[in-house]
Amino acid sequence: MKNLSILLILISLIGCTPEESADTPTTTLNRYEAYIPSADHQVRVLTRISTVDTTTGESILELSINTNYTQEASDVECLALGYVATFIGNDCWWQNDSPNEDRTNLECKLLTALDLGCQCSEKHLGSLKKAFATDSVALQN
């Protein structure tokens, strides 16, 4: 459990300043990159870019995942990233285009890549509750 807590602390999100895109009518609102430490360097796990279409005002969230990393990640790393992904947003959509009765069919790009199931499903929450069973702060969220 101590390793999981340390790993959560070491996952970093780096924000960049807004920038204009010359190719499309969008403005980048923010860009975050999540890294996880490796033996001798950091590995980029994902990049999340929030933009707004300047002609329609529509917000667009793009999430790019390093699937090479997620396929080889340890259980501890997957659970730490699954916890973080629950709170930072990770490109989700309702299966069958609408929520089911208990809202456990929200498929999310990062959680799927980590094989943690749909957001708020028993597989997702059960895994996190088990991993963070002794972490009262994490369980409050």
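With which side chain does the side chain of Asp53 make a polar contact? I found Thr55, at 2.5 Å; a polar contact is a pair of N or O atoms within 3.5 Å, one able to donate a hydrogen and the other to accept it, and residues adjacent in sequence count only if both atoms are side-chain atoms.

I note that the model is predicted, that local features need pLDDT of at least 70 and side-chain atom pairs pLDDT 80 or more, and that totals for chains, interfaces and linings use all residues. Residues are numbered from 1 along each chain as its sequence is written, and side-chain values use heavy atoms, without hydrogens and water.

**Asp53.** I located Asp53 in strand β4, residues 42-53 (strands are DSSP E runs of at least two residues, helices H or I runs of at least four, numbered from the N terminus). Asp53 is buried (under 20% relative accessible area; exposed is over 50%, partly exposed in between; 1.4 Å probe, protein chains only). I found no salt bridge for Asp53 (a side-chain nitrogen of Lys or Arg within 4 Å of a carboxyl oxygen of Asp or Glu). The nearest side chain of opposite charge, Arg31, lies 18 Å away (Lys and Arg count as positive, Asp and Glu as negative; His and the chain ends are not counted).

**Salt bridges.** Arg31 pairs with Glu33, with the closest N and O atoms 3.0 Å apart. Arg31 is partly exposed at 29% relative accessibility, whereas Glu33 is buried at 15%. Asp115 and Lys123 form a salt bridge at 3.1 Å, N to O; Asp115 is exposed at 53% and Lys123 partly exposed at 42%.
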